[in-house]
Amino acid sequence: MGFSAIRNRYYIIEVQFVKNENRKLRLISYIIMALILIPAACRKNAKQNPDIKMIMNKLNADLSGAVTAFHSENYAELSRRAIAIADHPKVPLKQRKIIAGELKEEMQEFKKYDVAVHSAALLLKKAASDKNDAEIPEYISTINKNCHGCHVRYRKRIRNLLRGK
Ligand code: HEC
């Protein structure tokens with residue numbers, strides 16, 4: 001075997017090695033990608049399907065955020081918070097069915113509180129866009145009253161129902 005033949009063979013081995021390494025690297029990068037993407041997809045899913053408790057905690061954060069934004073005269077932030085309250089995600093069907101099964105004809109009354117929160121949040125959004133400082137506290141108060149109104153009447157009952165107590 002001449003020198004060039006040895007060099008060629010060495011070259012082939014080296015190419016093979018690089019190919020194998022590339023395959024390994026590709027496999028590792030796929031695994032890393034999966035490790036990043038799968039939890040992200042799950043988080044997105046959880047975001048899309050929050051249960052009533054998660055929805056409530058978000059409403060709470062948005063209402064507090066709205067109050068803070070108002071006192072900071074941050075009207076854009078106040079608008080954003082108002083929209084988030086008005087457009088809160090729907091309670092998942094499974095929980096809605098359980099709640100409707102328990103409340104029966106009272107369901108209308110229960111829903112009224114939610115509609116009142118929604119309507120007041122839309123008015124709050126409009127008042128924030130208009131920087132209408134006279135009306136803003138009124139709508140925040142209306143939202144608050146209806147959060148509380150529903151809690152006084154239904155929270156414990158529904159919590160126990162959903163937690164199987
Ligand atoms: C139509 C009824 C209704 C309205 C309106 C309502 N809630 Fe609730 N809220 C509930 C129920 C029912 C629970 C109990 C959920 C559970 O324990 O799974 C609850 C629970 C909560 C909790 C406790 C969550 C936890 O982690 O235990 C907070 C905080 C809350 N609501 C905030 C709000 C705020 C703020 C608003 C208004 C912007 C609001 N809620 C409007 C029915 C309502």
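1. K111 sits in helix α5, where helices (H or I, at least four residues) and strands (E, at least two) are DSSP runs numbered from the N terminus. With 14 C-beta neighbours inside 10 Å, K111 counts as partly exposed; on this scale a residue is buried if 20 or more other C-beta atoms lie within 10 Å of its own, exposed if 12 or fewer, and partly exposed in between, with C-beta atoms placed from the backbone.

2. The model is a predicted one, in which local features need pLDDT of at least 70 and side-chain atom pairs count only at pLDDT 80 or more, while totals for chains, interfaces and linings use all residues. Residue numbers start from 1 along each chain, as its sequence is written.

3. D114 also belongs to helix α5, and with 15 C-beta neighbours inside 10 Å it counts as partly exposed. For D114 and C150, which are 36 residues apart along the chain, the C-alpha separation is 8.1 Å. By contrast, T68 lies in helix α2, and its C-alpha atom is separated by 24 Å from that of V115, 47 residues apart along the chain. T68 has 13 C-beta neighbours inside 10 Å and so counts as partly exposed.

4. On the overall fold, the secondary structure comes to six helices and zero strands, and the order along the sequence is α-α-α-α-α-α. The radius of gyration of the protein is 28 Å, well over the 15 Å that the globule rule gives for 165 residues, so the protein is more spread out than a compact globule; the radius is taken over C-alpha atoms, and the rule is 2.2 Å times the number of residues to the power 0.38. Along its principal axes, the C-alpha trace spans about 95 × 45 × 20 Å.

5. The domain assignment, which is automatic or comes from a database, gives domain 1 as residues 1-48 and domain 2 as residues 50-163. The centres of domain 1 and domain 2, taken over C-alpha atoms, are separated by 51 Å.

6. Buried residues make up 15% of the 165 residues. Where contacts join residues at least 6 apart in sequence, 65% of them join residues at least 24 apart, a contact being a pair whose C-beta atoms, placed from the backbone, lie within 7 Å.

7. Helix α6 covers residues 136-163 and bends by about 60° at Y154, the bend being the angle between axes fitted to the seven residues ending there and the seven starting there. The buried residues of α6 are I136, Y139, I140, I143, N146, C147 and C150. An α-helix has 3.6 residues a turn, so residues three or four places apart point the same way. The buried residues of α6 pack against α2 (52-71), α3 (75-86) and α5 (107-129). After α6 comes G164, which has a positive phi near 65°.

8. Which residues come nearest to the ligand? Of the 22 residues around the ligand, these are M56, C147, C150, I158 and R159, a residue being near if its C-beta atom, placed from the backbone, lies within 6 Å of the molecule. The elements that give two or more residues to this shell are α2, α5 and α6, and α6 gives the most, with ten residues. By class, the shell has 14 nonpolar, four polar and four charged residues, where Ala, Val, Leu, Ile, Met, Phe, Trp, Tyr, Cys and Pro count as nonpolar, Asp, Glu, Lys and Arg as charged, and the others, Gly among them, as polar.

9. Two loop residues deserve a look at their backbone angles. Most residues other than glycine have a negative phi, and most peptide bonds are trans. E73, in the loop between α2 and α3, has a positive phi of about 55° although it is not a glycine. E73 is exposed, with 10 other C-beta atoms within 10 Å. K131, in the loop between α5 and α6, has a phi near 50°, a positive value in a residue other than glycine. K131 likewise counts as exposed, with 10 C-beta neighbours inside 10 Å.

Terms used: Contact = placed C-beta atoms within 7 Å.
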